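Let's take a walk through a protein structure together. Have a look at the sequence and the model below, and then read on.

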Amino acid sequence: MSTPHVVVVMGVAGTGKTTIGPLLAAELGVPYAEGDDFHPAANIAKMSAGTPLDDSDRWPWLDAIGQWAHGRAGLGGVVSSSALKRVYRDRLRAEAPGAVFLHLTGDRTLIEERMAERKGHFMPTALLDSQFATLQPLQEDEAGASVDVSGTPEEITQRAVAALRRLDS
C-alpha cells in the first residue's frame, strides 16, 4: 500500500479478527494490536457471563483502541475491534481520522461453527445473535472494505490485502 494506514479489522465475534489481523499486519509489515486486550476486566467478566456490553461499557474500550490507532498514524498498524455500529467507528475515527476499516463478513452458520471450535475465548456463541442485531455494515462514506471470511485464513488475508490496495488506487 502506498501510505501506511491504520487498519481496524472489524466484524461480529467469530469472523476471525484475531486470526486475520496478525496475518494482515505481517503482510503489510506493520504491528498488530489485539482489540480484546483493550477491554477492562469488567467488560470481559460481563461478556464471559453471556451479557452483551452496552454503550457505556464500550466507550472506554473504543477510546483506548482509538488512542493506539492515533499513535500509529502515519506509521501504519492493524488493530481488531468489533466496531459494529457506525457510532463506534465514528468514535474511533475521532481519535484516529485516517483509520480505514476492514469488515470481515460471512454466513452466520459458518461463523457460529468457527466460534464453537474456539478454545479459551470469553465470547460465548449465545451472544452471536446480539452481535448480528447490532451490526451496521460499513456505509459508502466510510473508508474501508468488506471481505468474505469463507476459505482459509491465508485466502481471506490475500482478499483483504487486495481490497485495501483498491482503496489506495
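Is leucine 84 buried or exposed? Leucine 84 is buried, and its relative accessible area is 2%; here buried means under 20% relative accessible area, exposed over 50%, and partly exposed in between, using a 1.4 Å probe and protein chains only. Before we go further, a word on what you are looking at: this is a predicted model, in which local features need pLDDT of at least 70 and side-chain atom pairs count only at pLDDT 80 or more, while totals for chains, interfaces and linings use all residues. Residues are numbered from 1 along each chain as its sequence is written, and side-chain values use heavy atoms, with hydrogens and water left out.

Leucine 84 sits in the loop between S3 and helix H4 (86-95). Labels like these come from DSSP runs, numbered from the N terminus: helices are H or I runs of at least four residues, and strands are E runs of at least two. Not counting residues up to four places away in sequence, leucine 84 touches Gly11, Val12, Arg89, Gln131, Thr134, Leu135 and Gln136, where contact means heavy atoms within 4.5 Å. Alanine 83 lies in the loop between S3 and H4 too, and at 0% relative accessibility it counts as buried. Its backbone deserves a glance: the phi of alanine 83 is near 45 degrees, a positive value in a residue other than glycine. Most residues other than glycine have a negative phi.

Now find the sheet. Five strands form an open sheet in the order S2-S3-S1-S4-S5, with parallel pairing; two strands pair if DSSP finds at least two bridges between them. Strand S2 (32-33) and strand S5 (144-148) stand at the edges with a single partner strand each, so one side of each has no neighbour in the sheet. Strand S4 (residues 100-105) is joined to S5 by five bridges. Among the bridge partners, leucine 102 goes with alanine 145 of S5, and threonine 105 with aspartate 148 of S5.

Helix H1 (residues 17-28) lies across strand S1 (6-10), S2, strand S3 (77-80) and S4, running at about 160 degrees to S1. Helix H7 (residues 153-168) touches S1, S4 and S5, and its direction makes about 155 degrees with that of S5. For such values, axes are lines fitted to C-alpha atoms, for helices over the stretch in contact, and angles run from 0 to 180 degrees between N-to-C directions.

Helices also pack on each other. Helix H3 (residues 55-71) and H4 meet at an angle of about 35 degrees, with their axes 8 Å apart. The residues making this contact include Trp59 and Leu62 of H3 and Val87 and Leu92 of H4.

Finally, look inside. A nonpolar core is a set of buried Ala, Val, Leu, Ile, Met, Phe, Trp, Tyr and Cys residues joined through side-chain atoms within 4.5 Å. The largest one has 23 residues, of which Val8, Met10, Val12, Leu92 and Phe101 touch the most other members. H3 gives the most to this core, with four residues. Apart from it lies another core of 18 residues, among them Ala25, Leu102, Ile156 and Ala163.
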